[in-house]
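Reader: Could you walk me through this one? I would like to talk about the sheet and then the ligand site.

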Amino acid sequence: MQDIEIAEIRNLTQVIRETYDYDFTNYAMSSFKRRIQRVMDIYKMTSVQALTNRLKEDAPFFHEFVSEITVNVTEMFRDPSFWRVVRDHIIPNIMLNHDTINIWHAGCSSGEEVFSMAIMLKEMGVLGKTKIYATDIDKDILNRAKQGIYSAKHMDLNEKNYIRFQGTRLLKDYYSEKDGKVHMDKSLVANVTWREHNLVSGPIFNKFDLVLCRNVMIYFNQTLQNEVLKKLHESMFKFGYLAIGSKESLIWCEIANKFIVVNNEEKVYKKIKD
Ligand SMILES: C[S@@+](CC[C@H](N)C(=O)[O-])C[C@H]1O[C@@H](n2cnc3c(N)ncnc32)[C@H](O)[C@@H]1O
């Protein structure tokens, strides 16, 4: 197998930008390259040029490509200690000054994060006071999120996380099981708007008290992290909260001074300047 050249990747991202207005230019190079190679292996393509040509001509294939190129790994109550901080500190603090809570899950993948939020809010008795937007660039994964149907095999890990989160019930109270699949209780997400949205090129569409953009910017280079953080910042009310993934940091970003750290372990920040 020949190593992929950076020039070939540049050409591919340029063609995608010109044809579909999706900009992958500033995705972190090494993981992006690995994912390109994976797509070529899956579709048995021997050159980046062949992939580029197919992408240019075949829009349905482009959407399959987006699904393959993005990393969708997720779980319910991922990092249970983070969810305890959301329940015990963040939501009560927002509720001090607001009757309703606006939450944005940016990069929600297959929706486990959104169902975790809804379950937590229900247990707190404030789900009915919440409006949630859940967005992702990948429309196939977003459709799966909307359905709220998951493999029963994955529920062991989700259940373990829920126990560590110290929820007040059993996770299985929130779903029914049939033929190896679990169907989440749809009433949990009655107040959720699911929407295809690209964090790189998409508009700012609302203001939020809490934005979760966890394990998304990790795939972006520094330039893109700066751009996306500016967008997230603009989408937040002053004194709103931002949560990123446990292995991510805002510290190097250009507008880091517009936030303060609320919890360094769990990577929760508060917007303090417009
Ligand atoms: C690893 S998942 C994170 C899911 C969840 N937030 C979590 O922490 O478990 C990353 C998600 O970001 C999405 N994503 C990648 N680039 C994006 C972009 N430019 N705009 C919106 N979503 C994007 C991917 O499609 C994927 O579903």
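Reader: In what order do the three strands of the open sheet lie?
Author: Happy to start there. This is a predicted model, where local features need pLDDT of at least 70, side-chain atom pairs count only at pLDDT 80 or more, and totals for chains, interfaces and linings use all residues. Residues are numbered from 1 along each chain as its sequence is written, and side-chain values use heavy atoms, with hydrogens and water left out. Strands are DSSP runs of E, at least two residues, numbered from the N terminus, and two of them pair if DSSP finds at least two bridges between them. The pairing here is antiparallel, and the order is β3-β5-β4.

Reader: Which residue of β5 is the bridge partner of Ile149?
Author: β3 covers 149-151 and is an edge strand, pairing on one side only. It joins β5 (residues 181-184) in the antiparallel sense over three bridges. In β5, the partner of Ile149 is His183.

Reader: Now the ligand: how far is its nitrogen atom from an N or O atom in the side chain of Tyr27?
Author: A polar contact is a pair of N or O atoms within 3.5 Å. For the side chain of Glu113, a ligand nitrogen lies at 2.9 Å. For Tyr27, the distance is 2.6 Å.

Reader: What share of the ligand's exposed area does the protein bury?
Author: Areas come from the Shrake-Rupley method with a 1.4 Å probe. Taken alone, the ligand exposes 600 Å². The share buried by the protein is 99%.

Conventions. Helix = DSSP H or I, 4+ residues; strand = E, 2+ residues; numbered from the N terminus. Polar contact = N/O pair within 3.5 Å; in protein donor to acceptor, adjacent residues only side chain to side chain.
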